[in-house]
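I opened my notebook for a friendly look at helix packing and charged pairs. Here is what I looked up, entry by entry.

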Amino acid sequence: MSGNEIETLKRRAFESQAEPRDAVRAYGRASWIRFAATFIPVPLVVVVFRLYLVDWHYYVLGGAFIVIAMVMYDLDTRAAARRDKALAAAKEARAAYRLARTAAKGRA
């Protein structure tokens with residue numbers, strides 16, 4: 001490989017670091033929102049309105065809690081997959097640059 005190609009790989013490796021960093025930050029911020037959306041609404045309704053709820057309300061609220069938890073789990077799984085994909089792409093770019101740099105040093 002020529003020096004120009006190695007520099008291109010180096011630039012690509014460094015530029016590819018921004019995307020996973022942003023993906024990790026976005027995942028971390030959104031995780032708290034998903035956590036709160038799972039564990040605050042239904043228990044809050046139960047605590048605030050416990051004196052006004054009848055038996056069947058608890059079944060409805062329990063079902064709502066399960067549905068909300070499943071939706072938040074699915075959203076979290078998708079977000080984690082996007083984060084992992086960005087991390088893998090950055091790792092691959094770094095590996096390609098290191099391999100090219102090692103090969104160029106071996107020839108010199």
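First, a cut-off for my notes: I call a residue buried under 20% relative accessible area, exposed over 50%, and partly exposed in between. I also keep in mind that this is a predicted model.

Entry on salt bridges. I searched the whole structure and found three salt bridges. I began with Arg83 and Asp84, whose side chains meet at 3.1 Å, N to O. Asp84 has a relative accessible area of 40%, so I noted Asp84 as partly exposed.

Next I looked up Asp74 and Arg78, where the salt bridge is 3.2 Å, N to O. Both residues sit in helix 4, four residues apart, which is about one turn of the helix. Asp74 comes out at 35% relative accessibility, so Asp74 is partly exposed too.

Then I turned to Arg34 and Asp76, a salt bridge of 3.1 Å, N to O. This pair links distant parts of the chain, with Arg34 in helix 2 (residues 18–39) and Asp76 in helix 4, 42 residues apart. Arg34 is buried at 12% relative accessible area, whereas Asp76 is partly exposed at 22%.

Entry on packing. How do helix 3 and helix 4 pack? I read an angle of about 160° between helix 3 (residues 41–48) and helix 4 (residues 55–107), with the axes 9 Å apart. Therefore I wrote down helix 3 as roughly antiparallel to helix 4. Their crossing is left-handed. Helix 3 brings Val42, Pro43, Val45 and Val46 to the contact, and helix 4 brings Tyr58, Leu61, Ala64, Phe65 and Ile68. Sorted by class, I get nine nonpolar residues there, with no polar and no charged ones.

Technical notes
Residues numbered from 1 in each chain as written. Predicted model: local features only at pLDDT ≥ 70, side-chain atom pairs only at ≥ 80, totals over all residues. Heavy atoms only, no water. Axes fitted to C-alpha atoms, helices over the stretch in contact; angles between N-to-C directions. Helix = DSSP H or I, 4+ residues; strand = E, 2+ residues; numbered from the N terminus. Parallel < 35°, antiparallel > 145°, perpendicular 65-115°, else oblique. Left-handed = near helix turned anticlockwise from the far one by under 90°. Contact = heavy atoms within 4.5 Å. Nonpolar A, V, L, I, M, F, W, Y, C, P; charged D, E, K, R; others polar. Salt bridge = Lys/Arg side-chain N within 4 Å of Asp/Glu carboxyl O. Buried < 20%, exposed > 50% of the residue type's maximum accessible area, 1.4 Å probe, protein only.
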